[in-house]
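Trainee: I have a structure to go through with you. Can we take it helix by helix?

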Amino acid sequence: MMIDLPDADLSPRRKRLIFRSDHRGTKEMDLLLGSFARKHIATMDEALVDRFEVLLEMSDPDLYNWITGQEPTPPEWDDALMDMLKAHRYR
């Protein structure tokens with residue numbers, strides 16, 4: 001289920017994270033991370049939002065390979081956020 005909240009319901013920081021997720025540089029990651037952010041950002045606690053913000057600094061190829069299982073996820077990123085990303089399906 002996609003959460004479609006009016007922009008007014010989100011903090012500026014969360015709106016910025018959605019924008020950054022939608023504008024990664026590769027279409028695959030735009031679609032994957034953008035849809036993930038739109039679905040989950042409103043319900044994430046602040047710690048998870050902090051973690052997601054740091055994750056957005058990672059390179060697209062690395063993230064794509066970890067999320068799709070083409071490469072093992074490094075231990076420092078093998079956490080609840082990565083589990084959510086791996087379980088997310090773009091629709």
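**Helix packing, question by question**

Mentor: H2 and H4 are oblique to each other. Keep in mind that this is a predicted model.

Trainee: At roughly what angle do the axes of H2 and H4 cross?

Mentor: The two axes come within 10 Å. Angles of 65 to 115 degrees would count as roughly perpendicular, and those under 35 as roughly parallel. The pair is oblique, and the crossing angle is roughly 60°.

Trainee: Is the crossing of H2 and H4 left-handed or right-handed?

Mentor: Take the residues along with the hand. H2 passes H4 in a left-handed crossing. Glu 28, Met 29, Leu 32 and Leu 33 of H2 make the contact with Asp 60, Leu 63, Tyr 64 and Ile 67 of H4. These divide into six nonpolar, no polar and two charged.

Trainee: Which helices do the buried residues of H4 pack against?

Mentor: Start with the residues. Asp 60, Leu 63, Asn 65, Trp 66 and Ile 67 are the buried residues of H4. Their packing partners are H2, H3 and H5.

Trainee: Which residue follows H4 with a positive phi?

Mentor: Look just past the end of the helix. The phi there is near 80°. The residue is Gly 69.

Trainee: How are H2 and H5 oriented to each other?

Mentor: H2 spans residues 27–40 and H5 spans residues 80–87. Their axes come within 10 Å and cross at roughly 110°. That angle makes the pair roughly perpendicular.

Trainee: Which residues of H5 meet H2?

Mentor: The crossing of H2 and H5 is right-handed. On the H2 side, the residues are Leu 33, Phe 36 and His 40. The contact divides into five nonpolar, one polar and no charged. On the H5 side, the residues are Leu 81, Met 84 and Leu 85.

Trainee: Why do the buried residues of H5 lie on the same side of the helix?

Mentor: Those residues are Leu 81, Met 82 and Leu 85. They are on the same side of H5 because the arc they cover around the axis is only 95°.

Trainee: Which exposed residues sit on the face of H5 turned away from its buried side?

Mentor: First the buried side: it packs against H2, H3 (46–55) and H4 (60–68). The face turned away from that side carries Ala 80 and Ala 87.

Trainee: How far apart are the axes of H1 and H2?

Mentor: H1 covers residues 12–22. It packs with H2 at an angle of about 160°, which means that H1 is roughly antiparallel to H2. The axes are 7 Å apart.

Trainee: How many charged residues are in the contact of H1 with H2?

Mentor: H1 brings Ile 18, Ser 21 and Asp 22. H2 brings Met 29, Asp 30, Leu 33, Gly 34, Ala 37 and Arg 38. The contact divides into four nonpolar and two polar, and the charged residues number three.

Trainee: What arc holds the buried residues of H1?

Mentor: Arg 14, Leu 17, Ile 18 and Ser 21 are buried in H1. They line one face of the helix. They pack against H2 and H3, while Pro 12 and Phe 19 are exposed on the other side.

Trainee: What is the relative accessible area of Arg 20?

Mentor: Arg 20 belongs to helix H1. Beyond its neighbours within four places in sequence, Arg 20 contacts Glu 53, Leu 56 and Glu 57. Buried needs under 20%, and exposed needs over 50%. Arg 20 is partly exposed, at 27%.

Trainee: Is Met 44 buried or exposed?

Mentor: Met 44 lies in the loop between H2 and H3. Leaving out residues up to four places away in sequence, it touches Arg 14, Phe 36, Val 49, Phe 52 and Leu 81. Its relative accessibility is 5%, so Met 44 counts as buried.

Trainee: What separates the C-alpha atoms of Met 44 and Arg 14?

Mentor: Along the chain the two are 30 residues apart. Met 44 also touches Arg 14. The C-alpha separation is 9.7 Å.

Definitions and conventions: Residues numbered from 1 in each chain as written. Predicted model: local features only at pLDDT ≥ 70, side-chain atom pairs only at ≥ 80, totals over all residues. Heavy atoms only, no water. Axes fitted to C-alpha atoms, helices over the stretch in contact; angles between N-to-C directions. Helix = DSSP H or I, 4+ residues; strand = E, 2+ residues; numbered from the N terminus. Parallel < 35°, antiparallel > 145°, perpendicular 65-115°, else oblique. Left-handed = near helix turned anticlockwise from the far one by under 90°. Contact = heavy atoms within 4.5 Å. Nonpolar A, V, L, I, M, F, W, Y, C, P; charged D, E, K, R; others polar. Buried < 20%, exposed > 50% of the residue type's maximum accessible area, 1.4 Å probe, protein only. Arc of directions from axis to C-beta.
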